[in-house]
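I opened the notebook to record what I looked up, in the order in which I looked.

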2 protein chains.
Amino acid sequence: MRVVVTGASGFVGRQVVSALRSLGHSVISVGRGDYTLNDSQWIRADILNPGMAETLAAAAGADALLHLAWTTRHGLYWNDLTNLEWLSATVELVTAFAKRGTRRVCVVGTCFEYDWPEDSDCSESFTPISAHTLYDAAKSSCRRVLDRVAGQFGFSFAWGRLFYLYGPGEHPDRLVASVCRSVLAGENARCSSGNAVRDFMDVRDAGAALARLTVSNLQGSINIAAGEKASVGYVATMIGELAARPDLIRLGAIPDRVGDPPRVTADVTRLRCELGFEARPLRLGLQEALNYWSDKKGS
Amino acid sequence: MRVVVTGASGFVGRQVVSALRSLGHSVISVGRGDYTLNDSQWIRADILNPGMAETLAAAAGADALLHLAWTTRHGLYWNDLTNLEWLSATVELVTAFAKRGTRRVCVVGTCFEYDWPEDSDCSESFTPISAHTLYDAAKSSCRRVLDRVAGQFGFSFAWGRLFYLYGPGEHPDRLVASVCRSVLAGENARCSSGNAVRDFMDVRDAGAALARLTVSNLQGSINIAAGEKASVGYVATMIGELAARPDLIRLGAIPDRVGDPPRVTADVTRLRCELGFEARPLRLGLQEALNYWSDKKGS
């Protein structure tokens, strides 16, 4: 298949492009920068520019569109009004591609769309949708609108909800990266109480799952997660053990974030049974994250 | 024509329904309450309920849809995440009606969509769009999305941007109502400096203009305003004079609102030349507002 990937130079995008190529697909990567990927066609484009959706759709001649691009202004995007620009730009983009004959569209959502249940996993079928921030509200709204667009044009549409990611290219201040960097430097890794339970997935698995989802016929919302529940404290402790420095893990050294939900975990039945995807074990992913940051440090 | 009006029991909605009836159209009013209007069919419905769009469209058999309903939670709606629910519900509603054969759709926007120029009127063609609050950003995004929907279904689509309204049914704390009430009670009307320039329109004119717009073939964005620029101070002073109590108008008695734009005025060329609509003079409207509040007081 000929697949267009927007946000291709991002944390997830790079892994998706690589996974699609491994599956033998022809990839056209779209991003705002000059970033280029080996063996893939790169189009530099800002999707928020008027008319860009049409230009891209005409140029690409794509069988499938995987749309990852969205506002990611660090620390700001949760309540940034540009979320609304992304919403309408996304609808324009998908519409333009559908008009040009693209029959398959996959867009990413977020676990923040759910009204997280405290005693169970977030299920695509049963968990109610909530609005915590402008970011997830805009994503939810986008999904609802695209559902209508898909019905009208008759293309096949999937919405992949990402949970918590770590791995190559992670922002150095995020949980797994920062704990890895601390223990590798022989410094204390100051953590919150660590009681919050999450579903952590290696970004390479997220990329592979999204690639598979994009070229599949699966429709509707689908959780993209490893399905391995772990508390933040468990993750930090495991990194400490893998690095043979469990003494450096300081749980409770910093306060818990106010309003942080106690549990955000994914029901991965659809991903496993309908897409047949299985992520690597958390322990292996964390070992590889340690190796990644160790290599970074050495280089 | 058979016209469905949502938000029909609201400040603007009541006037629109009455104007459409005067023009000889058959009106189906939709609202969340039990409110009923003489000679018009009333459907009680919450558009945010899943499936409601489809139910309404099927029941209505409408030639035209005028969609006014939106979140209006007093003081909250500027940054309320329900704006996003209204965005997607609006797209669902319009899509459902289009599928059922409705060929004309009119939705209301707001002067807050504009990046207000300080030295000229807001023009549908030339003034850039900005994002001041979640409310106007969601409205802008909605318009862009509906433009695509209209293109796809081939229905005729107009977007009426309302400016500043006053008149029967106005919230008693808003400018014109509160100044009228104060002077009628013989009390001081404490105002800001009054330097901000606005375009005030009688809500009955806004209703009449929207009614005409809905049953016209005019497409795209169109400002719904009187086209008579007046400073807030001028408006308050005129009410004082009309009530023969100019002594009660106290400009500068309360601070100006932080971030209040110095000028929000409308270019009404489209409304006047393409729709042929002319609003009543401000002086007449204010006199009638005084009469309205005087009657209210007496009753």
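The entries below go from conventions to the sheet, a helix, a loop and the pairing of chains.

**Conventions.** I am working with a predicted model, in which local features need pLDDT of at least 70 and side-chain atom pairs count only at pLDDT 80 or more, while totals for chains, interfaces and linings use all residues. Residues are numbered from 1 along each chain as its sequence is written, and chains are lettered from A and ligands numbered from 1 in the order in which they are written.

**Sheet.** I took helices (H or I, at least four residues) and strands (E, at least two) as DSSP runs numbered from the N terminus, and counted two strands as paired if DSSP finds at least two bridges between them. In chain A I traced an open sheet of seven strands with parallel pairing, ordered β3-β2-β1-β4-β5-β6-β10. Its edges are β3 (41–44) and β10 (220–224) of chain A, each of which pairs on one side only. I noted an average twist of 20° from one strand to the next, with axes being lines fitted to C-alpha atoms, for helices over the stretch in contact, and angles running from 0 to 180 degrees between N-to-C directions. Within chain A, β4 (residues 64–67) and β5 (residues 104–110) run parallel and are joined by four bridges; L65(A) has V105(A) as its bridge partner in β5(A). Across β5 and β6 (156–162) of chain A lies helix α4 (residues 134–153), at about 160° to β5(A).

**Helix α1(A).** I checked its burial, a residue being buried if 20 or more other C-beta atoms, placed from the backbone, lie within 10 Å of its own, exposed if 12 or fewer, and partly exposed in between. Nine of the twelve residues of α1(A) are buried, so the helix is largely enclosed by the rest of the structure; among them are F11(A), V12(A) and L20(A). The cover over these buried residues includes β1 (2–6), β2 (26–31), β4 and α6 (203–214) of chain A, contact meaning C-beta atoms, placed from the backbone, within 7 Å. Just after α1(A), G24(A) has a positive phi of about 90°.

**Loop.** I found A244(A) with phi near 60°, a positive value in a residue other than glycine. A244(A) sits in the loop between α7 (232–242) and β12 (249–250) of chain A, and counts as exposed because it has 8 C-beta neighbours inside 10 Å.

Methods. Two residues are in contact if their C-beta atoms, placed from the backbone, lie within 7 Å.
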